[in-house]
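Work through these exercises with the model open beside you. Try each task before reading its solution.

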Amino acid sequence: MGTNYRTTAASGIPNYYLTKAAVSVFETGDNRRAVWVDSVVNNTILYRRINKYKVATATAASGGNEYNIMLRLAEQYLIRAEARAKQQNIDGAQNDLNAVRNRAGLGNTPAATEGDLVAAVLKERQTELFGETGHRWFDLKRTGNANTVVGALKPATWKATAVLLPIPFTELLKNTNLKQNDGYNP
């Protein structure tokens with residue numbers, strides 16, 4: 001996002017701010033929260049904002065206010081931890097997960113079975129990859145949990161067909177065997 005979060009909009013209210021639920025993903029004692037979330041008060045209302053990877057010296061003239069992150073070691077540990085859990089390599093999965101948790105100031109995971117470890121890895125991905133390029137959305141889709149999680153957050157507006165994007169009309173014209181994804185038919 002191009003907005004400089006170290007300053008606020010003219011109204012004093014950030015263009016984007018976090019819900020209490022978004023901030024609650026951090027466990028008590030998680031050092032990442034103190035660094036990755038900041039806040040501003042406007043008319044006695046506290047607005048929490050993502051402050052991850054911000055360049056403290058950024059200005060509009062410098063052409064950017066965020067470091068570009070393409071690949072992170074913590075993400076690689078979490079990918080391997082999930083793979084190891086599914087391979088029944090419990091010790092390896094715990095070691096990888098704990099490498100990320102310990103760096104954040106948290107204790108070792110209590111998870112000790114494949115299912116518990118996969119759940120712990122997904123929870124850690126939610127926290128560790130907080131605010132980064134849609135990782136959470138892709139994890140929810142990949143694990144088949146998008147409808148459950150997003151449906152609970154947006155009960156009035158969420159439609160299960162929203163997990164798929166529409167196929168562009170030009171592609172439907174090129175291939176008459178294609179069928180538009182549900183929820184997008186005229």
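**Exercise 1.** Which residues of α5 are buried? Then find what they pack against.

*Solution.* Keep in mind that this is a predicted model. Step one: take buried to mean under 20% relative accessible area. Step two: list the residues. The buried residues of α5 are L117, V118, A120, V121, L122, E124, R125, T127 and E128. Step three: look at their surroundings. These buried residues pack against α2 (31-36), α3 (73-86), α4 and α6 (135-142).

**Exercise 2.** Check the span of α5 against its number of residues.

*Solution.* Step one: count the residues. Helix α5 has 15. At 1.5 Å a residue, α5 should span 21 Å. The expected span is 1.5 Å times one less than the number of residues. Step three: compare. The end C-alpha atoms of α5 are 20 Å apart, which agrees.

**Exercise 3.** Describe how α4 packs against α5.

*Solution.* Two packed helices are described by the angle between their axes and the distance between the axes. Step one: find both values. The axes of α4 (residues 90-103) and α5 (residues 114-128) come within 11 Å and cross at roughly 25°. Step two: classify the angle. Angles under 35 degrees count as roughly parallel, and that makes α4 roughly parallel to α5. The crossing of α4 past α5 is left-handed. Step four: name the residues in contact. From α4 come I90, A93, Q94, L97, V100, R101 and R103; they meet E114, L117, A120, V121, E124 and E128 of α5. Step five: sort this contact by class. It has seven nonpolar, one polar and five charged residues.

**Exercise 4.** Is N98 buried or exposed? Name what N98 touches.

*Solution.* Step one: locate N98. It is found in helix α4. Step two: check its accessibility. N98 has a relative accessible area of 9%, so N98 is buried. Step three: leave out residues up to four places away in sequence. N98 then touches N108 and T109.

Conventions: Residues numbered from 1 in each chain as written. Predicted model: local features only at pLDDT ≥ 70, side-chain atom pairs only at ≥ 80, totals over all residues. Heavy atoms only, no water. Axes fitted to C-alpha atoms, helices over the stretch in contact; angles between N-to-C directions. Helix = DSSP H or I, 4+ residues; strand = E, 2+ residues; numbered from the N terminus. Parallel < 35°, antiparallel > 145°, perpendicular 65-115°, else oblique. Left-handed = near helix turned anticlockwise from the far one by under 90°. Contact = heavy atoms within 4.5 Å. Nonpolar A, V, L, I, M, F, W, Y, C, P; charged D, E, K, R; others polar. Buried < 20%, exposed > 50% of the residue type's maximum accessible area, 1.4 Å probe, protein only.
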